[in-house]
Amino acid sequence: MKPSLPPEPILDPALTLAKVSVQVSDVPLHLPRPRVWLAGFAAAFLLVCALVVGIANLFARGIGIWGVNVPIAWGFAIVNFVWWIGIGHAGTFISAILLLLHQAWRTSINRFTEAMTLFAVACAGLFPLLHLGRPQFFYWLLPYPDTMGLWPQFRSPLVWDVFAVSTYAMVSLVFWYVGLLPDLATMRDRAAPRWKRQVYGVLALGWRGDARHWFHYEKLYVILAGLATPLVVSVHSIVGLDFAVAILPGWHSTIFPPYFVGGAIFSGFAMVLTLVIPLRKLYHLESFITDRHLDLMAQVMLATGWVVAYGYFAEFFTAWWSRDEFDQFVLANRALGPYAVPFWGMLAANVLAPQFLWSRRIRRCVPALFAVALVVNVGMWLERYVIVVTSLHRDFLPSSWGMYHATFWDWTVFLGTIGLFLALLFFFVRLLPAIAMSEMKALVTKKGRVA
Amino acid sequence: MTAPPGLLAEFVLPEAFAAAVRRVRAAGYTRLEAYMPFAVEGVADEIMRGRRSPMAAAMLIGGIASGLGAYGMEYYAAHIYPLNVGGRPLDSWPSFVPITFELTVLGAALTGVFALFWTAGFPRLDHAIFSDARFDRASQDRFFLCIRGDDPLRAGPGARDLLLAAGAESVAEVAL
Amino acid sequence: MAKRAASDRALPLFGAGATFFFRLGLALAFCLACGTGAAVFAYYHSSWWTQVGFAPDQPVLFSHRHHAGDLRIDCRYCHSSVETSAFAGLPPTQTCLSCHSQIFADTAMLRPVRLSAERAVPLRWNRASRLPDHVYFDHSIHVAKGVGCSSCHGDVTRLALAAPAERLDMRWCLDCHRDPAPALRPRDEIFAATWTPPADQDARGAALLAARNIPAQPLVDCNTCHR
Amino acid sequence: MPSLNPLRPTDEFPPGADRLPEGFNRREFLRLAGASAALAGAAGCGRPAKTLVPYVTQPETIVPGLPTFYATAIPWEGFARGVIVETHEGRPTKIEGNPGEPESLGATDAMTQASILSLYDPERSHAPLCAGQPSSWAAFADEWIERRRQLSAAGGKDWALLTEPTTSPTLRREIIRLLDRFPSARWYQHTALARYDEDGAQPDCEPERAEVILAVESDFLQRHPASLRYARAFARRRRVAAGDRRPNRLYVLESTFTATGAMADHRLPVSPARLRRVLGAVAAALGGEGGAGGAADLREGEGAFVAQLAGDLRARAPDVLCVAGAEQDPDVRRWVRAMNERLGTIGRTVRYQAPVRSDGDPRSAGDLAALADAMSRGEVSTLAILGANPAYTAPEDLDFARRLEAVPWSAHFGRHRDETGLRCRWHLPESHYLETWLDLRGYGGEAVIQQPLIDPLHDTRGPAEIVRLLADATEASGYELVRETWRGAGDSAGFEESWRRWLNEGRVRDAAPAVASLGPAPAAVTAWPSWDVSAPLAAPFVIFRPDPNLGDGRWANNAWLQELPRPFSALVWDNAIFLPRGLAEGHRLAEGDVVVLRCGDRSVRGPVAIARGHAEDCILVHLGGGRTRAGAVGDGRGFDAYRLRARGGLWTEGGATLVKTGAVHELVSTQRHFSMEGRDLARWVPAAQALLPRKTDAAGSLYSPWPRTGHAWGMSIDLSTCIGCSACVSACQAENNIPVVGREEVARGREMHWIRVDRYFEGDEGNPRTIAQPVPCMHCENAPCELVCPVAATVHSSEGLNQMVYNRCVGTRYCSNNCPYKVRRFNFFDFRAPADSPVHLQENPNVTVRERGVMEKCTYCVQRINAGRIAAERDGRPLRDGDIRTACQQVCPVEAIVFGDLADPESAVARRKREPGDYALLAELNTRPRTTYLPKMFNSGASA
């Protein structure tokens, strides 16, 4: 496949085959700056402990320790679930869709973002479980021949979620692992003590770089990418359907699936930037992840940011156009009601902030880019909060209107999952090559890669 | 009967390697093995002699099978205990689409992985080739071409010379 | 690359058996996964879980075989409210004494019964047929519609100590609620412990189903058993 | 805190189980404990009960698993209300009205429903206490014999007996008998609430006959001994479906909102300062000599009101009716009586009969004030207090608590060792009314034998037994005492036969002492009262009213009533100082601000709540809060308004002052928003249009309808007659094992009531139009909740029930989100009472007790549907309309709720739904609710 070559080098021209192997595999093999790693991991681990405490208390005392109530029966748990799943979308988008689009620059970041996807999905997967009133019966959502003659109710979007999320997790894992095979072989052949080589050797399944392997391998990889592409779109569409299928004003809207997918990629790229910028600084991967990469990612953010903005606009437009008094009230209440602050915060973070990325100077200014990415992460969380809470708290009957206040334990579990996410990422960079070496080599040896 | 050992030639540049493969093949050698840190264009097809990979077919079948299974399951579940859910019809096929799609993808992906294991013979930890000290670099920055011992032309003279002439860095015998 | 010790690289990384054991391991893991599922399924259908045929201990060694079988005492003599109430009824101590104040009055076996009567402390029997708390079973309507005792409790005249005769899980209940006809009997055979469906039960059942206007749908509504 | 022995189905037996009289098997507790184990399987989620515990001797009246019903009466401020109590293996579980009894007519109010819980109150007194130390009845008897000897020497001098006014012939006979024994002993009566007699006459009316009703500060639809009867009659006359009669028209003059005011076609908020002017003007407008100052200067609102009222009264007389609140000053009530005389309604819509209650008994030495004076004069050395709780309910200026402590020897008989019991030498536990043999009279005068449902759970006595004990120092069984009273009645020959009939029917028919024996009907009063309108009370005014749920505070320890939303404010677990907005803004007060409310030298400290519909400057406070010795549930809930009360102004005080403290107290209510936001939720319709056909909002559907066979359950709720009394909420709680969650959880929006009464206001906040809308589960045919449940825990039954299967629920709460009516409730915590709590004995064995993490909601009382169906099928008869009635329907005094089979075109509900006004809530969502509403008809005369 001939990649459409960008005018500017996406890689450091000085790279050679040997350099790629050495520089990338040296990060896990003999970790530079171990203290930084340790400090970061320790911090993340503390949050993980908080998560454990939060979950223990939840199971001991019940869902009531959270802020949920009637009418706002969904709160942080669902907000966080959607947020994490959204973040999880960047990985597959980059590795699958950009692959099919022959975007050579994806090669520098796809391995890392795939890992990020897996960990984000793991965090997301926690919440549907935790938010159950009787989590001990979660398996009733799975189809199996029970003694009651009962099956899941397949019309419910929550069951769709179960399949969508687990499929997404499985396929992402497979995609990630298959991609890793050649690099695991490299690790096997470069690792120092014998036991390490054996560990990597087992993981590499005996990959020899045999032409036969490559022959089938490349087929599989492309087809997997082809499968993952509609999958990415479907997963967050289905998450969007959780809301769109309900009759609630503010939820019952056909815009949700596309606008959720856009938002997912938006937040995903924001998270990639938030993680990649410090990572490449820490391990001197600038020759692989160049400023041009950051620039391109910023451009994707800008584009998807507009998809999200259109979503917001469409919600208000359809409410106004439909002349549905409930819809109109809910939308007005978002902007002017008790939850106006999160709403305007969301607009500022998701619509205003990305506009800075029009400027090439800001796209090239790493700290500024980092700041925008952080803001967007927060903004996308606020978006989910606004959608879930403001739609529920004032729906059809004024008599049953209510308010939602998150509790200490809501925050504990949320921050805890951030800790889990980071801890897993730290393990990843410590143990596995964060950049796809074999693909990188293919790129390095491409003729005329130096424009 | 015991076959003579195979010949393993090491190359530095992917272009030279690709050329060598073509040249050896042109010389009529059929039982060849090629090892490389990344898929050098043309090499794999040259070795496989235009054979088609079963991957696509396998994944298609796997996907369709599991997709049908998924819809079947949903249809069965709706009818084995016919429940009036919000006045919706028993076969609410639009609601059954998402899961059908998801499981189609899952089925295809998993079949693909099994197919890879099958065709590539994974896992295979102990391969003769690993005994060659130089081979470590096959996963890093060197390219290897092997004329197997059971190649009909191997017994004849000139195999080693051919490889050297094709630009091999070094040539040594391996138990292949 | 030079920095690596040649000695370490000399011998191959894995011995000859490695591949075999690796593959074996994978195969075993796969079988284990499937096997566990099958085992769980089997367990919940086995009598370890359903307790079918397992008789719990009782404070008094009361034998249904003797009373209902040999002596042919009617079920309703002890389970007096089975035709009128959800609860079939359990004989008060006085019922036992109505005979046993005369017969075997002072045997050791009946000592708990005598004590119960003297001290006005009830006997505490152990349930044989157990339904979960969230199942609201009503004996009277089943009897009224012609489902006999032995359809669920089996032939008690063959049992010394009472033991569950059927799975009593939801699927088992549903089987009958979806198609009651095979279990319907004429009035006079409802309490016949040894009843076996006659050859033409299909026809008879269908007739009874119509005669006693047993509605089809409500029988499988959730609220029929769960509230 | 002493806690009752766990009465779970275990082998532990409660105290008192050992003293069981023969012959009342159904009340034998020991056996109860046994048999309830047999049914334990039917209660609660979790593992099945492993053991079966049969009776030792099975009582012939009990069939395990079948409930038994007994007729008795509940005292409502001393007046009888007939009830029928359901018992399971001897434990009372549910109270229903007695259709055959004239004061109940089958209905009950919220307090009656909740009173069953008080029976199992773990904090009830278990045994006598002497000076706070555990003692015994025997010990008391010994001490009393000694004391009695000394007293009898002086003929009972310095001996005072304080009781609540009673309607019980037996109790009254016993008291008189005691007074005969001790001529110098004195009998005082105390109620913190109103007297219903005036000038030796007790007004009783028949609202159904009245076309025009004028209510002067009278809440006769809810707060009256005969309110059930009145409300039923009022509603019957209100319903215009048939169109055969003219609907009645209700005029209300009141200072603060009441259930009656909320039903008014014309309501005029009028402050105590204006009331007499307005009344005078009405009299004048009717050409009466006015007496009350004539058509004085009226404001334009008042003028219009008076004009139309006078016109209607003149036009419709004598089929009109004037009623005055019992709390009003004598002159106002005399005015009303004189007005009735003028309009010729006496004997038609109202009659003045001899008082039924003993307030004015000639042998009585007076009220609490008289006693207090006697105490201050040192004339009381021995004081026996029966039932009342004066230390708490006495007006502040009597300083009763301190005087009580000064009494040398005092004994208190009550269910709790309350504020009074604390200050008496002896505290002697009194039985719950469901444990007591007694007899009571209804407001109309008809007597009911109060028979116990269960042997006393603790070592307690009934009031008659106690008075007999005081008189003779000997124990007597209440059973015998009551029979003694009635043996004389009727022919003693057939006594046993008629006794059985009285118990069976729950009313004493055709037997003296009946109404007649109460005394001669009082003479007519025709003179207008004279009053001086020139010197009214100074604003602002404090209006005292009994708490809508707690009465005078006696129900404070009842968790159901504490958590039952108060009318108009939906306030729970608390009380507040209700101000009109104008007054609040004048003092810069916002909802929740804590203020000091002062009258003279008396003051209370409480949070402010903004109230609608108050007359200017009228501050409403509810009596019954701020208990200190009620128990864990009732202590410290709200403030104690009695501390603001003076003997002079029991119901109204002038010249109050409000001082902001700066503190803020969060008021918790189940409804926070009272405006309909212009949405079409609760409908109004003018009487004129009530019968006109209206466009139906039936929308089409893409789905082919499900085949429907057999019954089709449905409900219709008539907003025209609903008075918003919340009896349905309370009944549902009792029937369906609905837990209380406590103040904090309600504050978070986690109340569990399956049916709620939404209250909406419209228009001018000073005098808004208001409507009450009961909202249970709508049982939608296209139920949004079902579609989204991932495990099919809520699905539709073939008969149209929206079934909730607790044991399948995993608790995603998606259904609640998707319910447009928000009628689903979720167990956010384990809300069940502790395993060893006696309140489990009240639980309905046919309804699951829900565990943590499952959703629940109104089931249309499916346990009743199943029971009714099974009974019918067993007897091989078809289900008849009315065989199955939901708890809310059965309790409703105004028959607003009708439930039944829509498939039967002749069923009451089907007929209701054919009425033109019938509409579905949020019909535009096309959820097709099985529960629909009839709009609220208002008959103001003006159209729309």
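Me: How do the residues lining the largest cavity divide into nonpolar, polar and charged?
Reply: There are 17 nonpolar, 20 polar and 11 charged residues in that lining. Nonpolar here covers Ala, Val, Leu, Ile, Met, Phe, Trp, Tyr, Cys and Pro, charged covers Asp, Glu, Lys and Arg, and the others, Gly among them, count as polar. Bear in mind that this is a predicted model, where local features need pLDDT of at least 70 and side-chain atom pairs count only at pLDDT 80 or more, while totals for chains, interfaces and linings use all residues; side-chain values use heavy atoms, with hydrogens and water left out. Residues are numbered from 1 along each chain as its sequence is written, and chains are lettered from A and ligands numbered from 1 in the order in which they are written.

Me: Thanks! Which residues lie nearest the centre of that cavity?
Reply: D:Glu164, D:Gly387, D:Arg415, D:Glu430 and D:Arg554 do, out of 48 lining residues. A cavity is a set of points on a 1 Å grid over the protein atoms alone where a 1.4 Å probe fits but cannot get out, and a lining residue has an atom within 4 Å of a point.

Me: What volume does the largest cavity have?
Reply: About 1000 Å³. Volume means the space filled by probe spheres set on the grid points, which are joined across faces, edges and corners.

Me: Which element gives the most to the lining of the largest cavity?
Reply: E2(D) does, with 3 residues. Elements are DSSP runs numbered from the N terminus: helices are H or I with at least four residues, and strands are E with at least two.

Me: Why does the largest cavity lie between domain 1 and domain 3 of chain D?
Reply: Because domain 1 (50-197 + 356-487) and domain 3 (541-664) of chain D both give residues to its lining. The domain bounds come from an automatic or database domain assignment.

Me: What about the contact between those two domains: how many residues of each are involved?
Reply: On the domain 1 side of chain D there are 30 residues in contact with 34 of domain 3, where contact means heavy atoms within 4.5 Å. Their C-alpha centres lie 29 Å apart. The two domains bury about 2500 Å² between them, with 55% of it on carbon and sulfur atoms. In domain 1 of chain D, D:Met111, D:Tyr392 and D:Glu396 lose the most area to domain 3, together 26% of what that side buries. Buried area is the accessible area (1.4 Å probe) that two parts lose on being put together, summed over both.

Me: Changing topic: what area is buried between chain D and chain A?
Reply: About 4300 Å², and carbon and sulfur atoms give 56% of it. The contact involves 53 residues of chain D and 54 of chain A. In chain D, D:Arg679, D:Arg808 and D:Tyr814 lose the most area to chain A, together 17% of what that side buries.

Me: Where in chain B is confidence lowest, and where highest?
Reply: Helix H2 (residues 43-48) of chain B is lowest at a mean of 88, and helix H3 (residues 55-80) of chain B is highest at 96. That is pLDDT, the predictor's confidence in each residue, from 0 to 100. Chain B has a mean of 90, with 98% of its residues at 70 or more.

Me: What about the mean for chain A?
Reply: Chain A has a mean pLDDT of 92, and 97% of its residues reach 70 or more. Over residues 1-5 of chain A, pLDDT stays under 50.

Me: Last one: which residues does the cis peptide bond in chain A join?
Reply: A:Val70 and A:Pro71, with omega about 15°. A:Pro71 sits in the loop between helix H2 (34-61) and helix H3 (76-87) of chain A. In chain B, the bond from B:Phe122 to B:Pro123 is cis too, with omega near -15°.

Methods. On a 1 Å grid over the protein atoms alone, a cavity is a set of points where a 1.4 Å probe fits but cannot get out, and a pocket is an open set with protein on both sides within 12 Å along at least five of seven lines; lining residues have an atom within 4 Å of a point.
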